[in-house]
Amino acid sequence: MQRSSMKTTWLSGCCFFLASALCYGADVGVVTILDGNVRLLRGVSWYKLVEGARVQDGDVIDAAERAQVQVELVAGPIVNFAGPADVLAVSAGSREGKQPAPAEMYLTNGWLKLAVKAPGVALRVRSPAGTIVASDAVTVMHAEAEVLEAFVERGSARLIEPGKGGTDGTAYEVKGGDFAIRANDRPFATAGAAPQKFVAAMPRHFRDPLPARAAQYQVARVQLVADRPISYAEAEPWLTGPYRRIFVKRLQPRLADPEFRGPAMAKLQAYPEWQAALAPAEGQAKDKDKEKEKEKDKEKEKEKEKEKEKSKAEAPPKAAEKAESTWSWPFGKKK
């Protein structure tokens with residue numbers, strides 16, 4: 001009997017551990033340098049980011065102006081970016097199989113420097129205007145909504161244009177020492193050196209090699225402190241971006257908050273996946289409006305009844321009508 005109880009407890013513990021593990025994404029890397037105001041979106045909540053914190057796939061790192069963040073990925077690449085910038089950690093990558101999957105990040109805007117030195121490891125950094133894929137290279141890139149600039153400091157990298165339906169388009173090789181630019185309104189172009197304007201705008205610490213500091217954070221795990229849930233205004237760019245499908249599913253629990261659901265219902269056609277969740281709320285709102293209208297009608301009827309009663313009470317009493325005589329003339333009709 002005791003063994004059975006022990007087995008049940010052990011199995012329950014394992015199930016709890018598995019359920020807990022499934023609630024969190026896989027570690028992508030660790031934050032080894034942090035300077036300035038930086039926050040992290042995990043699930044539907046913002047957290048204050050600190051050095052030593054693990055970054056998981058699906059995390060969004062939002063760096064304020066002049067802030068600096070360095071993340072050393074589990075696969076080996078080092079990524080350092082300067083604010084204002086937003087970076088989504090898409091996946092940690094994999095070394096398994098004949099064709100290992102590269103680690104992937106998405107830079108919506110801002111400056112980023114990457115260093116990939118481990119053999120057989122690649123890093124893919126996507127942006128709205130193009131993608132940089134690097135293996136055994138050091139590259140500085142600057143992304144805006146419609147422009148991607150990249151300077152390959154060492155090694156070589158590929159700049160890939162966006163294709164149709166979110167796929168990759170034409171790929172261009174960019175060699176060490178070369179500068180490349182890709183914009184939505186002009187074709188891909190390269191130069192033998194980075195222009196002075198690019199160098200002047202580049203964060204100063206990008207001129208130095210990125211230091212490897214991950215060994216200092218191998219043992220300790222930092223617990224992040226939650227700040228607040230993401231607002232609709234903050235979520236909307238991700239709900240309309242290339243990773244829309246992920247965020248639509250991930251942020252659906254926020255529909256329980258009226259402050260989030262209200263703006264989403266105003267753009268219901270943009271979120272067909274949410275219509276099933278939003279429709280009951282919309283129906284309930286209509287039912288409440290109907291109930292309110294019924295209550296108003298009842299109140300009006302009551303007021304009318306009160307007015308009638310009041311009118312009756314204030315009206316003067318009517319004079320008694322003269323009753324007709326029932327007596328008959330005995331000698332025929334009276335002329």
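Tyr 172 is partly exposed, with a relative accessible area of 25%; here buried means under 20% relative accessible area, exposed means over 50%, and partly exposed is in between, using a 1.4 Å probe and protein chains only. This is a predicted model, in which local features need pLDDT of at least 70, side-chain atom pairs count only at pLDDT 80 or more, and totals for chains, interfaces and linings use all residues. Residues are numbered from 1 along each chain as its sequence is written, and side-chain values use heavy atoms, with hydrogens and water left out.

Now the partner of that tyrosine. A pair of aromatic rings is described by the distance of the centres and the angle of the planes. The rule takes rings of Phe, Tyr and Trp (its six-membered ring) as paired if their centres lie within 6.5 Å; planes under 30 degrees apart are stacked, over 60 edge-to-face, and the rest tilted. By this rule there are 10 aromatic pairs. In one of them, the centres of Tyr 172 and Phe 188 are 3.9 Å apart and the planes are at 10°, so the pair is stacked. Tyr 172 is in strand β14 (residues 168-175) and Phe 188 in strand β16 (residues 186-191), so the contact ties together parts 16 residues apart in sequence. Strands (E, at least two residues) and helices (H or I, at least four) are DSSP runs numbered from the N terminus. Phe 188 counts as buried, at 18% relative accessibility.

Other rings next. Tyr 106, Trp 238, Tyr 243 and Phe 247 form one aromatic cluster. Arg 39 lies over the face of Trp 46, at 3.7 Å from the ring centre; the criterion is NZ of Lys or CZ of Arg within 6 Å of the centre and within 35 degrees of the ring normal.

On to strand β9, residues 123-127. Five of its five residues are buried. Leu 123, Val 125 and Ser 127 point one way, and Arg 124 and Arg 126 the other. What does β9 pair with in the parallel sense? That is strand β8 (residues 103-116), over four bridges, where a pair of strands needs at least two DSSP bridges. Ala 103 stands opposite Leu 123. With β10 the pairing is antiparallel, over five bridges, and a hairpin of two residues joins β9 to β10.

Last, the backbone. Arg 66 has a positive phi of about 70° without being a glycine, and is exposed at 76% relative accessible area. Asp 136, also not a glycine, has phi near 55°. A cis peptide bond joins Gly 83 and Pro 84, with omega about 5°; Pro 84 is in strand β7 (residues 78-91).
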